Amino acid sequence: MTERRLLTALLTILNVAPFHAEAAAVEARESWKASPRQVEALMKRRPDTNYREDKVPKYTLPDPLVMVDGTKVTDARMWKTKRRPEVLELFRKQVYGTAPVERPEDMTFKIVNVDSQALDGRATLKRVLVTITGPRGQLSTTMSIFLPNSAKKPVPVFLLLSHRDPDSTDWTRKIKRPFWPVEQIIARGYGTAAIQVTDFAPDRRDGWQHGVHTIFDKPDVPAQAWGTLAAWAWTGSRAMDYFETDDDVDAAKVAVVGQSRGGKTALWAGARDQRFAMAVSNCSGCGGAALSRRRYGETVKRINTNFPHWFCDNFSKYNDAEDDLPVDQHMLIALMAPRLVYVVSAEEDLWADPKGEFLSARHASKVYHLLGLKGLEAQNMPPVETPIHAGRIGHHIHAGRHDLIEYDWQRFMDFADRHFKGNDLIFSCDFESDDWYKKFGMRRSPERVEAVSSDPARKFEPQEGKAIRIKVDQGGHYGASIMYRFKDQIGAEPEQIYFRYYLRFADDWNPARGGKLPGISGTYNRAGWGGRPSNGRNGWSARGQFNGQRNGKTPIGYYCYHADMRGRYGSGWIWDTEKRGHLENNRWYCVEQYVKMNTPGNNDGILRGWVDGQPAFEKTDVRMRDVDTLKIEAVWLNVYLGGKWTAKSDHHLYIDDVAIARDYIGPIQ
Ligand code: GTR
């Protein structure tokens, strides 16, 4: 057991979810504040720049969930299909500029050097020559990739977009800088790559007359043509093109990292290219993570004056006119949703506005919430060196100045451990092994349940390998009742849990009325099922249910025994968001549930549901219990036709890829 697992197990036993423990730790100590002495000194040195919190003007941020025409964004689908593209286009046109091409047609990757014994045998080094050819010329750069020899391939990779001198990313490792601590990254089982973005676009005021600009741009540069940061972000996407061809790299788990101007770039790279699973903004400040409207430290006017080549020309329209921007930088972070983002500030880096960076991450969280996920949940800024990692937006403030240091890298890897390596997974079962039932603590394979890899008579097609087939006999009710009991398996019962399974109704599935599906429970064999009503002290359950079949579709939902129920039977709550809860036969669906127990006596228990990663249900006022001895006892893979009615014919369904976790799981990528 690793230290972190041990801690998590301990916290579970104490019934403190790690998220709450973390939040409590963050709120308990005093929030970070700019040192008054530093503020005074800076105000003297740069009287034209504001470093005082009380001089931050009043501002109203644009709402990431309101379209330009005023329409409210009410669900995940609308975010993805309407608002996200709109926000992306606003950033293209008004801030970073539009790249004239995406993946160039003429691009080659040549592995010029492989050293399988790099770092004293601990890593494999690959040097990849990336060459692009456009209508007006050719450019190339050589990317360095280190992959841990001990890790299972493919491995997740941290891609550093480096704008610093080549010594900062020395692939011979004679020069070692904290900016790219390859040895430490390899030691933790991650791969890492560095690409010199200035090879494709030099960091110069006349930069648009060089590099990729000369190759692809038309000579008359429009106001929304790409600036240097956009050209760098585009370079990152070319590295991603390569990763997709390398079997040793897990291209679905690539984090794009940058420091300062590189951090602005990493955020834009992640926003525009959804292949990046995570974007890391280290001290990115103005034009990166910091809110422009706060006009604290570096401002839009200042950055456009000092670095006119970084953004598109339109951005200078907002010099001293930040309130006219149709976006602010929280919306840049929101473009990462539901993927991972990490925002780092430095204690002394007031030029980059640490508070503005924190607020940006917080306001971006609204979009994560719409998707049923946590973003950055802390209310107040944390103290220095107090990372926040529970949600999908990570954050910390490092001690000292504006830089990318080893402390930062270690925290990125902590965050990736937590979110890349299985979402704090407690249990998973893909039913591939013949004794899968032992994983659930059963001695024999249950009746009517069979692991199958083919079943053509019922039009079965596997997800991958085997699944279990559950049968309900003609004239019967009963399909399966497989329990994963937390106390038996991990020694403690949680207060909240995510449960995912894949469900496929077979060709013969045509229930006349309702019945039960897998779900989450705490019946303690006393109450909360089968006409044994809950009274808040005896038991509860939130099983899945189906509700007959109409036009070939089976509505699914929750069937819940709770303390506010009336009569002997539970409440049926059908999932209905945009009909996502209506399932067809002969198709796999990813069904996910989340239960959070209420505080005893209060109506604040939560039930959520997703189908294929889309939020399909939410109820936040459930009272499952009045006593804290009732908890989440089990995940209950229950299949039952009825109630009272019995099956008119044989019915089958399939279940696969069950997972139980402390964090949101999501469909298999
Ligand atoms: C500064 C610039 C910042 C920041 C930094 C850097 O001069 O004002 O926006 O990006 O450079 O890249 O280190």
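Residues are numbered from 1 along each chain as its sequence is written, and side-chain values use heavy atoms, with hydrogens and water left out. Since the model is predicted, local features need pLDDT of at least 70 and side-chain atom pairs count only at pLDDT 80 or more, while totals for chains, interfaces and linings use all residues.

## The ligand and its surroundings

The residues around the ligand are Ser260, Arg261, Lys264, Glu298, Ile303, Phe307, Trp310, Trp351 and His402, where a residue belongs to the surroundings if one of its heavy atoms lies within 4 Å of the molecule. This shell is made up of four nonpolar, two polar and three charged residues; in this scheme Ala, Val, Leu, Ile, Met, Phe, Trp, Tyr, Cys and Pro count as nonpolar, Asp, Glu, Lys and Arg as charged, and the others, Gly among them, as polar. The table gives distances from a side-chain N or O atom to an oxygen atom of the ligand for residues including Glu298, Trp351 and His402.

| Residue | Distance to a ligand oxygen atom |
|---|---|
| Glu298 | 2.5 Å |
| Trp351 | 2.9 Å |
| His402 | 3.2 Å |

On its own the ligand has 310 Å² of accessible area, of which the protein covers 80%; such areas come from the Shrake-Rupley method with a 1.4 Å probe, and for residues only the protein chains shown count as cover.

Helices (H or I, at least four residues) and strands (E, at least two) are DSSP runs, numbered from the N terminus, and two strands pair if DSSP finds at least two bridges between them. Strand 20 (residues 589-596) is largely enclosed by the rest of the structure, because seven of its eight residues are buried, a word that stands for under 20% relative accessible area, with exposed meaning over 50% and partly exposed in between (1.4 Å probe, protein chains only). Strand 14 (residues 496-505) runs antiparallel to strand 20 and is joined to it by eight bridges, with Phe499 standing opposite Gln593. Strand 20 also pairs with strand 21 (residues 605-611) in the antiparallel sense, over six bridges, and there Val595 has Leu607 as its bridge partner.

Thr554 lies in strand 17 (residues 553-561) and is buried, because its relative accessible area is 0%. Its side chain makes a polar contact of 3.3 Å with that of Trp509; a polar contact is a pair of N or O atoms within 3.5 Å, and within protein one must be able to donate a hydrogen and the other to accept it, while residues adjacent in sequence count only if both atoms are side-chain atoms. Leaving aside neighbours within four places in sequence, the residues in contact with Thr554 (heavy atoms within 4.5 Å) include Phe505, Phe546 and His582.

Ala512, in the loop between strand 14 and strand 15 (514-522), is partly exposed, with a relative accessible area of 44%. Not counting residues up to four places away in sequence, Ala512 touches Gly548, Trp645 and Lys648.

Asn50 sits in the loop between helix 3 (36-45) and helix 4 (76-96) and counts as buried at 14% relative accessibility. The side chain of Asn50 reaches the backbone nitrogen of Arg52 at 2.8 Å.

Thr133, found in strand 2 (residues 123-134), is partly exposed, with a relative accessible area of 23%. A polar contact of 3.0 Å joins its side chain to that of Gln138.
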